[in-house]
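Dear colleague,

I am handing over a structure, and below it you will find what came out of looking through it. Please open it beside this message as you read.

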Amino acid sequence: MVSLSNSLVLASLVPSHHNLTYHLIVIVLSALAAFIPRYFPMRFFTNRKIPEWFNEWMKYVPVSLFTALVVKGIFVDSKYRLILDKIHLFGNTVVVYGYASYLIAAVCVGLVAYFTRSMLSSVIVGLGVVWLLSITIGV
């Protein structure tokens, strides 16, 4: 059985919405969490020469992270289950792995990005294709 004094102690540990000290501590800790990962690599690499193989390897990091995020958004839901989407083509129901509209938009964006090398064009085409598919065939 939980006593009243234990309940009061637990209730005092929960931050209120108007607790200034709690908010200041959260802000300072968040600032440190954002600052430290930027500061130490800069401090470490200012006096050292970065090897060429490391620079070559690091060129692929943004592309691989972006690909992982896009693939997860298309094929996996928030509970990490594979997405199955049904589309109706010419009276037939076709089951597709992933969101069908996002897959079609991803192919269009990939083609536009490959031929134009323009981020702005790629984003506009992707948004436009998803919008058109959502209002025309409702996927």
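The largest pocket has a volume of about 550 Å³. A pocket here is an open set of points on a 1 Å grid over the protein atoms alone, where a 1.4 Å probe fits, with protein on both sides within 12 Å along at least five of seven lines, and lining residues have an atom within 4 Å of a point; the volume is the space filled by probe spheres set on the points, which are joined across faces, edges and corners. Of its 18 lining residues, Phe66, Val70, Ala106, Val109 and Gly110 are the closest to the centre. Helix 4 (61–75), helix 5 (100–116) and helix 6 (119–136) each give two or more residues to this lining, helices being DSSP runs (H or I, at least four residues) numbered from the N terminus.

This is a predicted model, in which local features need pLDDT of at least 70 and side-chain atom pairs count only at pLDDT 80 or more, while totals for chains, interfaces and linings use all residues. Residues are numbered from 1 along each chain as its sequence is written, and side-chain values use heavy atoms, with hydrogens and water left out.

How do the helices pack? Helix 5 and helix 6 have axes 8 Å apart and pack at an angle of about 155 degrees, where axes are lines fitted to C-alpha atoms over the stretch in contact and angles run from 0 to 180 degrees between N-to-C directions. The two helices are therefore roughly antiparallel to each other, a term for angles over 145 degrees.

Val112 and Gly126 are 14 residues apart in sequence and 9.2 Å apart in space, C-alpha to C-alpha. Leaving aside residues up to four places away in sequence, Val112 touches Arg117, Ser121, Ser122 and Val125.

The axes of helix 4 and helix 5 come within 8 Å and cross at roughly 150 degrees. Gly73, Ile74 and Phe75 of helix 4 meet Tyr102, Leu103 and Ala106 of helix 5 in that contact.

With best wishes

Conventions:
Parallel < 35°, antiparallel > 145°, perpendicular 65-115°, else oblique. Contact = heavy atoms within 4.5 Å.
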